[in-house]
Amino acid sequence: MPFHISTPPHLRRTARRRPDGPDRDALLRYADELEEKGDASLVSSAVFRAALRAHGTEDD
């Protein structure tokens, strides 16, 4: 399965485990843009960086 198809569901599951707030929003925004654009290289770098930061705070 291509990366851009399998990643949004994973991001949405990760976001559901988070409380409401900027980390959850960042993950959902990235999942939405990745689905819309179909290619991670077309997602804005700011959205990508925010999602990476949010994903990295899971254990905090």
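**View 1. Buried residues in the predicted model.** Of the 60 residues in the protein, 30% are buried, where buried means under 20% relative accessible area, exposed over 50% and partly exposed in between, using a 1.4 Å probe and protein chains only. The protein exposes about 4000 Å², and carbon and sulfur atoms supply 54% of that area; accessible areas come from the Shrake-Rupley method with a 1.4 Å probe. This is a predicted model, in which local features need pLDDT of at least 70 and side-chain atom pairs count only at pLDDT 80 or more, while totals for chains, interfaces and linings use all residues. Residues are numbered from 1 along each chain as its sequence is written, and side-chain values use heavy atoms, leaving out hydrogens and water.

View 2. Among contacts with a separation of 6 or more, 45% are between residues 24 or more positions apart, a contact being heavy atoms within 4.5 Å.

**View 3. An aromatic pair.** The count comes to one aromatic pair. Rings of Phe, Tyr and Trp (its six-membered ring) pair if their centres lie within 6.5 Å; planes under 30 degrees apart count as stacked, over 60 as edge-to-face and the rest as tilted. The ring centres of Tyr 30 and Phe 48 are 5.7 Å apart and their planes stand at 55°, so this pair is tilted. Because Tyr 30 lies in helix H2 (residues 22-37) and Phe 48 in helix H3 (residues 45-56), the pair ties together parts that are 18 residues apart in sequence.

**View 4. The two partners, one by one.** Tyr 30 has a relative accessible area of 5%, so Tyr 30 is buried. Phe 48 is partly exposed, at 37% relative accessibility.

Methods: Helices (H or I, at least four residues) and strands (E, at least two) are DSSP runs, numbered from the N terminus.
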